[in-house]
Amino acid sequence: MNTLEKYTSVIAIVLVVVILVLVRTLVSGHFRNDAGKWTGPSINQSNLITPEGLNKLPGKSLIVDLSDKGNLLRKYNGSINIPAKSLLDKTNQKMLQTYKGNILLVSEDPALSARLWMLLSQMGYTNLFILSDSSNNEVFKYKFRPDTLTRPEL
Amino acid sequence: MKNKYMNPYLAGTLLGLVLLSAMYIAGRGLGASGGLKYCVVSVVGALDKPHAERSTYYSKYFEGGQKPLTNWLTLEIFGVLAGGFISGAVSKRLTFKIEKSPKISNTRRLTLAFIGGMFFVYGAQLARGCTSGAALSGMAVLSVAGFVTMMAIFGSAYLFAWFFRKNWI
Amino acid sequence: MNTRQKISVILLLLGLILAFLPLSGNYSFHGKPDKLLTEALYENTYFTADQVARFAITEDSTIQLIDLRSPEEFRSFSIPGAINIPYGEMLSKDLESFLNRENIRNIFYSNSDYNANYAFVIAKGLGFENNYVMKGGLNEWYRVVMNSEFSGDKITARENAIFETRTRARRLFTEMNSMPDSLKAKYRESKEIERKKLDGGCE
Amino acid sequence: MGPFTSISGFPAWLDLLIAFIIGTGFGFALEQAGFSSSRKLVGMFYGYDTTVIKVFFTASIVALVGSQFLSYFGLLNLNLVFVNEYYVTAAIVGGVIMGAGFIMGGFCPGTGVSALSIGKIDALFYVLGGLTGAFLFAETYPLIQHLADNAYRGPVKINEVLGLTPGLFTLLLIAAAVIMFWLAELAEKKFARPDITNQI
């Protein structure tokens with residue numbers, strides 16, 4: 001026992017750190033490391049699904065309407081309503097985390113879907129998409145017409 | 001007399017925790033030579049303001065009405081004075097003395113201390129940090145500059161050690 | 001066991017744990033998701049195209065517009081005063097120098113809402129404050145500022161002010177973007193707000 | 001989440017108070033380690049006292065390990081912690097000058113100030129010399145500006161240069177330090193100078 005006693009302080013310090021690390025690693029509900037890793041789908045835009053593309057997604061899908069009062073429930077069959085502000089509630093999180101299939105966020109406001117997509121993705125969701133109609137995507141819809149006659153002062 | 005000072009590893013851990021709290025609270029490392037520089041800058045500013053404003057070097061410390069004396073690094077150096085004094089008082093080491101090898105005179109020790117200080121801070125200004133600001137804090141954030149400065153300081157000190165042997169042993 | 005051995009063993013064991021942790025040195029989100037969610041839902045994190053137009057023509061020095069489109073798109077045209085951080089490269093940039101500036105509000109914009117709002121959440125999640133989004137992106141800017149015309153015969157003072165701002169912003173936008181590339185680059189350089197550096201070291 | 005001052009933007013007086021408190025801790029730790037004694041410091045270069053290397057490496061490794069764990073726990077944003085900028089020439093030339101100053105003066109600036117606080121007169125001259133050095137640097141700055149700004153590499157991190165993860169590099173650094181500690185203790189026995197170590 002004598003040898004063990006000599007190591008007490010060493011064991012105590014290392015044990016505390018190991019427990020903290022394990023808790024941090026195993027408990028979900030916080031952000032994962034390396035933000036860049038989770039932004040991939042948003043860079044190549046593979047996270048944007050149009051209603052037509054919905055049928056081509058492999059596996060089953062769950063459409064989540066983020067509006068406050070479920071405004072879009074009628075538009076999409078079988079969709080559920082989770083108001084944005086209660087997205088991180090325990091029951092909602094549990095349901096989304098255990099869902100085996102694609103989760104599609106939908107909202108009347110593309111800004112809201114985009115923000116929440118990024119938030120959930122950074123928590124480790126990989127089966128997450130944004131259901132967006134083609135009227136709003138990262139394409140410039142106008143054409144810039146230069147006017148070479150005038151020059152501003154530098 | 002053997003255990004006059006704290007165990008070096010414990011003292012190192014203490015110093016490491018101070019450095020860690022500086023990083024955690026202020027997002028920066030420790031620094032010492034910078035504080036000395038700010039003292040000089042403020043003295044020069046007080047004595048010869050037009051010169052300070054003309055000089056490419058001093059002027060940046062007076063931009064926008066900055067006061068070099070109320071600066072992070074200056075306050076930190078005042079803290080070091082206070083902390084050293086507290087520690088000296090706790091461990092009963094407060095005495096006026098000149099520490100040197102018995103082989104050399106006081107004048108020689110004080111002259112060399114003066115020249116040494118001059119060299120060190122000059123080098124620290126060039127390298128943008130001294131043993132604490134560049135080497136210690138730099139290594140703690142894995143900065144290449146920290147490792148290079150650390151090796152340059154200790155490497156050259158070992159090289160020159162032979163010439164100054166008499167002063168210390 | 002003496003102190004040296006104890007410290008050595010503790011440090012080696014902790015180092016061993018660190019070696020296996022997924023610490024990449026890359027940016028990671030910090031803080032609690034709940035808090036970020038609340039912040040993401042704040043309505044006052046958006047600016048309308050009209051507000052941005054006002055900032056652009058007054059050359060507001062507390063505003064930094066950040067254009068998230070590709071460098072090619074940025075070269076061809078951009079809102080005057082904007083800097084370019086392509087969204088895909090955002091996390092490989094030295095973000096501190098762009099985003100961590102006191103008293104400067106960063107406004108992200110892209111062509112539509114998606115990239116700008118991703119970038120907004122990324123910036124918030126990494127701990128940067130004072131970030132905003134131009135709602136609707138450049139498509140909205142074009143619809144509102146560039147293409148809108150006054151219709152009807154009665155005009156209130158407020159409408160008149162908005163109309164005035166739009167006209168001036170439109171003129172500035174067209175003039176600035178019609179410049180040859182070299183002049184445009186020069187213009188952008190002259191308008192760039194100095195980047196902040198992290199404080200530290202012995203300087 | 002830290003670092004607090006760059007994220008929350010503390011008022012100036014609080015920032016300066018923090019600077020003073022951290023400085024106090026810094027001075028206290030230096031003095032307790034025995035860094036207020038020049039013969040103890042330079043002992044490292046003659047082998048009879050290796051406290052410097054022990055304290056120095058323990059401190060930077062503790063801070064390094066601590067900051068990485070804090071970052072993993074989501075308490076500290078390491079991207080907002082200052083990383084020293086690498087000016088190749090300045091770092092090497094400056095380091096060599098500092099080394100020469102170290103062996104002549106017997107202190108580095110931090111330890112010098114800490115020694116001054118407990119009444120070492122040699123430290124007073126050292127600090128006065130340091131102030132002169134800073135003054136000389138300012139006056140000669142236009143001459144050496146080129147040297148100071150030469151070969152700028154930015155705030156590069158060593159693990160990125162070597163292509164390792166920060167955790168793995170930390171482990172290697174710790175292993176190297178542990179070996180150094182062991183060698184240091186051997187050196188202290190080999191080059192022991194009880195006549196000096198008993199005095200300081």
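Start with where chain A meets chain D. This is a predicted model, so keep that in mind throughout. Here 4 residues of chain A are in contact with 4 residues of chain D.

What about chain A and chain B? Those two do not touch. Their nearest C-alpha atoms are 13 Å apart.

Now, which chains share the most contacts? There are 5 pairs of chains in contact, and B with D comes out on top. In that pair, 108 residues of chain B are in contact with 112 residues of chain D. Look at which helices of chain B are involved. At least two residues each come from helix H1 (8-26), helix H2 (33-47), helix H4 (72-90), helix H5 (106-127), helix H6 (131-140) and helix H7 (144-161) of chain B. By class, the chain B side that touches chain D has 70 nonpolar, 29 polar and 9 charged residues.

Stay with chain D for one residue. Where is D:Phe10? D:Phe10 sits in the loop between helix H1 (4-8) and helix H2 (12-33) of chain D. Around D:Phe10 there are 16 other C-beta atoms within 10 Å. Buried takes 20 or more, and exposed means 12 or fewer. D:Phe10 therefore counts as partly exposed. Leaving out residues up to four places away in sequence, D:Phe10 touches D:Phe4, D:Thr5 and D:Asp15.

Next, chain A on its own. Chain A has 5 helices and 5 strands. Along the sequence, the pattern reads α-α-α-β-β-β-α-β-α-β. Chain A has 154 residues, and 27% of them count as buried. For contacts in chain A between residues at least 6 apart in sequence, 65% join residues at least 24 apart.

On to the sheet in chain A. Its 5 strands form an open sheet in the order E1-E5-E4-E2-E3, with parallel pairing. Which strands stand at the edges? Those are strand E1 (48-49) and strand E3 (80-81) of chain A. Each has a single partner strand, so one side of each is left without a neighbour in the sheet.

Zoom in on one pair of strands. Strand E4 (residues 102-106) and strand E5 (residues 128-131) of chain A run parallel, joined by 3 bridges. A:Leu105 stands opposite A:Ile130 in E5(A). Across E4 and E5 of chain A lies helix H5 (residues 110-122) of chain A. The angle between H5(A) and E5(A) is about 175°.

Chain C next. Chain C also has an open sheet of 5 strands, in the order E1-E5-E4-E2-E3 with parallel pairing. Strand E1 (46-47) and strand E3 (82-84) of chain C are its edge strands, and each pairs on one side only. E1(C) runs parallel to strand E5 (residues 131-134) of chain C, with 2 bridges joining them. C:Phe47 has C:Met134 in E5(C) as its bridge partner.

Now helix packing. Two packed helices are described by the angle between their axes and the distance between the axes.

First case, between chains. Helix H2 (residues 8-26) of chain A and helix H1 (residues 3-20) of chain C have axes that come within 9 Å and cross at roughly 15°. Angles under 35 degrees count as roughly parallel. H2(A) and H1(C) are therefore roughly parallel to each other. Their crossing is right-handed. From H2(A), the contact uses A:Ser9, A:Val10, A:Ile13, A:Val14, A:Val17, A:Val18 and A:Val21. From H1(C), C:Lys6, C:Val9, C:Ile10, C:Leu13, C:Leu14 and C:Ile17 take part. By class, that contact has 11 nonpolar, 1 polar and 1 charged residues.

Second case, inside chain C. Helix H3 (residues 49-58) and helix H7 (residues 137-146) of chain C pack at about 75°, with their axes 9 Å apart. That angle makes H3(C) roughly perpendicular to H7(C). Which residues meet here? H3(C) brings C:Ala49, C:Asp50 and C:Ala53. H7(C) brings C:Glu140, C:Trp141, C:Val144 and C:Val145. The classes are 5 nonpolar, no polar and 2 charged residues.

That's the tour. Over to you.

Methods:
Residues numbered from 1 in each chain as written. Chains lettered and ligands numbered in written order. Predicted model: local features only at pLDDT ≥ 70, side-chain atom pairs only at ≥ 80, totals over all residues. Contact = placed C-beta atoms within 7 Å. Axes fitted to C-alpha atoms, helices over the stretch in contact; angles between N-to-C directions. Helix = DSSP H or I, 4+ residues; strand = E, 2+ residues; numbered from the N terminus. Parallel < 35°, antiparallel > 145°, perpendicular 65-115°, else oblique. Left-handed = near helix turned anticlockwise from the far one by under 90°. Nonpolar A, V, L, I, M, F, W, Y, C, P; charged D, E, K, R; others polar. Pairing = 2+ DSSP bridges.
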